[in-house]
Amino acid sequence: MSRLCGDYMLNTVFEFETLLTESVKIHGHLCPGQVLGVRMSLLGLREIGIDDPKGKDRKNLIVYVEMDRCATDAVQSVTGCSLGHRTMKFMDYGKMAATFVNIATGKAMRVIAREESRTTAKNYFPEIENKYAAQLEAYKIMTDEELFDVMEVRVRIRPEDMPGRPSRRVVCDACGEHVQDSRELYRNGRALCRPCADTGYYEPFF
Ligand SMILES: [Zn+2]
Ligand SMILES: [Zn+2]
C-alpha cells in the first residue's frame with residue numbers, strides 16, 4: 001500500500017468514526033442504523049460530488065429519506081440537512097433508502113440498503129450471538145457494494161419545495177387555517193387544506 005493510499009484509508013476511517021460519534025450523540029444510542037446511515041450518507045455525498053455538506057456545499061444539497069428510522073437521524077447528522085431547513089424531505093415509503101441531490105449540478109443518487117447485507121453481516125461475525133450486535137460491527141467494515149445499491153435518478157424539485165421563504169399563503173375555505181407553500185387543494189373552486197379536502201391524521205374532538 002502506498003503512503004498516499006495509507007493516508008487516504010486513515011483519513012476515511014477517522015472521518016467515519018468522527019461522524020459516527022457525532023451521530024450517536026444526536027440520536028441517543030449506537031445502533032446498526034447509525035452505522036448504516038453514516039455509511040449511506042458518505043457514499044451518497046461522494047457520488048454527487050459534495051465533500052463539505054455543512055460548509056461550502058450546504059446550499060447545494062437536498063436529501064430525500066424514504067424511512068423514518070434510526071438511520072434517518074444519521075443522515076441528518078452527517079449531511080446537516082433537516083426538515084426545518086427544508087433540505088431533508090421525508091417520503092414515507094418504508095424503504096431503507098435515501099436520495100442525495102446536488103442542486104447545483106442536478107446530479108442525484110439514490111442509495112438503497114441491500115436486504116442481503118443483513119445476512120452477510122451475520123456471516124462476518126458468526127461468533128456474535130446477537131444479530132444486531134453482529135450487524136453493528138459488520139456494517140462498519142463491509143464494502144459499499146455489499147451494503148448498498150446505487151441508482152442514478154432525476155429529481156424534479158418544485159419551486160415550492162425549495163428552501164427559502166414561503167412562496168404563498170392561502171386561507172382554507174373550510175377551517176379558516178392558513179396553508180403555505182402551495183399545499184392547498186382545490187375542490188369545486190374552493191381552496192382547502194389537506195385535512196379538509198381528504199382525511200387528516202386527526203379528527204376534531206367534540
Ligand atoms: Zn437507533
Ligand atoms: Zn381546512
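**Entry 1: Ser 82 and its loop**

I began at Ser 82, which touches Gln 76, Thr 87 and Met 88, not counting residues up to four places away in sequence. Contact here means heavy atoms within 4.5 Å. Ser 82 sits in the loop between H3 and S2. Helices (H or I, at least four residues) and strands (E, at least two) are DSSP runs, numbered from the N terminus. Buried means under 20% relative accessible area, exposed over 50%, and partly exposed in between (1.4 Å probe, protein chains only).

I noted the ground rules here. This is a predicted model, in which local features need pLDDT of at least 70 and side-chain atom pairs count only at pLDDT 80 or more, while totals for chains, interfaces and linings use all residues. Residues are numbered from 1 along each chain as its sequence is written, chains are lettered from A and ligands numbered from 1 in the order in which they are written, and side-chain values use heavy atoms, with hydrogens and water left out.

**Entry 2: positive phi**

Arg 86 also lies in the loop between H3 and S2. Its phi is positive, about 60°, although Arg 86 is not a glycine. Arg 86 counts as buried because its relative accessibility is 17%.

I then went to Ser 182, in the loop between strand S7 (178–180) and strand S8 (185–187). Ser 182 is not a glycine either, and its phi is positive, near 60°. Its relative accessible area is 24%, so Ser 182 is partly exposed.

**Entry 3: the sheet**

In what order do the five strands of the open sheet run? I read S2-S1-S3-S4-S5, with mixed pairing. Two strands pair if DSSP finds at least two bridges between them. Strand S2 (88–90) and strand S5 (148–153) are the edge strands, each pairing on one side only. From one strand to the next, the twist averages 20°.

I followed one pair. Strand S1 (residues 61–65) and strand S3 (residues 97–102) are antiparallel partners over five bridges. Leu 61 stands opposite Asn 102 in S3.

Helix H3 (residues 70–79) lies across S1, S2 and S3. H3 runs at about 175° to S1. Axes are lines fitted to C-alpha atoms, for helices over the stretch in contact, and angles run from 0 to 180 degrees between N-to-C directions.

**Entry 4: H2 against H5**

Helix H2 (residues 32–47) packs with helix H5 (residues 131–141) at about 20°, their axes 8 Å apart. H2 and H5 are therefore roughly parallel. Angles under 35 degrees count as roughly parallel, over 145 as roughly antiparallel, 65 to 115 as roughly perpendicular and the rest as oblique.

Which residues of H2 meet H5? I listed Pro 32, Val 35, Leu 36 and Arg 39. Their partners in H5 include Tyr 132, Leu 136 and Ile 141.

**Entry 5: Ser 23**

Ser 23 lies in helix H1 (residues 3–27). Ser 23 is buried, with a relative accessible area of 0%. Leaving aside neighbours within four places in sequence, I found Ser 23 in contact with Gln 34, Val 38, Ala 74 and Ser 77.

**Entry 6: the whole protein**

The protein has seven helices and nine strands. Buried residues make up 40% of its 206 residues. Its C-alpha atoms fill a box of roughly 70 × 40 × 30 Å, taken along the principal axes.
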